[in-house]
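Q: Hi, I'm new to this one. Could you walk me through it?

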Amino acid sequence: MIDNTENEKRLFHQGKKLIAGVDEVGRGPIAGPVVAACVILPPNFYIEGLTDSKKLTEKERNYFFEEIYKHAIDIRYEFVDETIIDQINILKASRLAMETAIMACCVKPDYVLVDAMKLNIPYEYESIIKGDEKSISIAAASVVAKVIRDRYMKDLAVQYPEYQLDKNKGYPTKAHKQAIKEHGIRDIHRKTFSPIKDHIMEQMTLKL
């Protein structure tokens, strides 16, 4: 098992005191926002099993989410909605969400660890491939972003029940794609993503 506190220990040894972990969720869905979180944990913070949010059950994520909020020095999260995603593309939207979350922190970090992304921020930072597995700070950010986004998608499901967003969280499942065929697309859908883009083209062709 990877020791996901090694990066933090290395930086603490170098004299860094406030280490921020940053991650985002929601790149793959065809509906809803991308959400990034920035988390600054106290020194020597450790919870057994805290890792990449995708590898955890919903129950585990909710447990870790509560523990992170109890102990974190600072937590910020940022939404970038589907309109902006369509305007600037998902990679730039993910970067924007991360950078905005970092800059929103009340406590200014000494160093930032980010999951596989180049950023434009006024802080020293390190981009780590699979960072949500290799850094407990990034793992914490991953969990916060995932829980926040999932809860938001459950709220959206109340407004748009036909798309089952509480179950698919905006991802292009078979049921979600079928609902689009039956009910069309809404403002929550990302118009530049397939199959949304394909559906729009089909509808335009039918009108010709």
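Q: Let's start with E67: buried or exposed?

A: E67 is buried, with a relative accessibility of 14%. Keep in mind that this is a predicted model.

Q: Okay, and which residue does E67 meet in a salt bridge?

A: That's K70, with N to O at 3.2 Å. K70 itself counts as exposed, at 61% relative accessibility.

Q: How far apart are E67 and K70 along the helix?

A: They sit 3 residues apart in helix α2, which covers residues 58–71, so about one helical turn separates them. In general, an α-helix has 3.6 residues a turn, so residues three or four places apart point the same way.

Q: How many residues does α2 have, and what's its reach?

A: It has 14 residues and reaches 20 Å from its first C-alpha to its last, close to the 20 Å expected at 1.5 Å a residue.

Q: Which residues of α2 are buried?

A: R61, F64, F65, E67 and I68 are buried.

Q: And what do those buried residues pack against?

A: They pack against β2 (34–40), β3 (74–80) and α6. One of them, F65, also has R151 lying over its face, at 4.7 Å from the ring centre.

Q: Where else does a charged end sit over a ring, say for R190?

A: The charged end of R190 is over the ring of F193, 5.1 Å from its centre.

Q: Back to salt bridges. How many are there?

A: The count comes to 13 salt bridges. One of them joins K146 and D150, whose closest N and O atoms are 3.3 Å apart. K146 and D150 are 4 residues apart in helix α6 (residues 136–159), so they too are separated by about one helical turn. Both K146 and D150 are buried.

Q: Why does 65° make the Y77 and F79 pair edge-to-face?

A: Because planes over 60 degrees apart count as edge-to-face, and the planes of Y77 and F79 are at 65°.

Q: Which residues do ring pairs link into a cluster?

A: Y77, F79 and Y152 are linked into a cluster.

Q: Now the inside. How many residues does the largest nonpolar core have?

A: It has 34 residues, and I102 and L165 are those with the most contacts inside it. β1 (19–25), β2, α4 (90–103), β4 (111–115), α6 and α8 (174–183) each supply at least two residues.

Q: Which element gives the most to this core?

A: That would be α4, with 6 residues.

Q: What is L165 in contact with?

A: Setting aside its neighbours within four places in sequence, L165 is in contact with A31, M153, L156, A157, Y160, G170, H176 and I188.

Q: And how many residues are in the second, separate core?

A: That one has 23 residues, including A37, V39, A139 and V144.

Definitions and conventions:
Residues numbered from 1 in each chain as written. Predicted model: local features only at pLDDT ≥ 70, side-chain atom pairs only at ≥ 80, totals over all residues. Heavy atoms only, no water. Phe/Tyr/Trp six-rings, centres within 6.5 Å; stacked < 30°, edge-to-face > 60°. Lys NZ or Arg CZ within 6 Å of the ring centre and 35° of its normal. Salt bridge = Lys/Arg side-chain N within 4 Å of Asp/Glu carboxyl O. Buried < 20%, exposed > 50% of the residue type's maximum accessible area, 1.4 Å probe, protein only. Expected span 1.5 Å × (residues − 1). Contact = heavy atoms within 4.5 Å. Core = buried A, V, L, I, M, F, W, Y, C linked by side-chain atoms within 4.5 Å.
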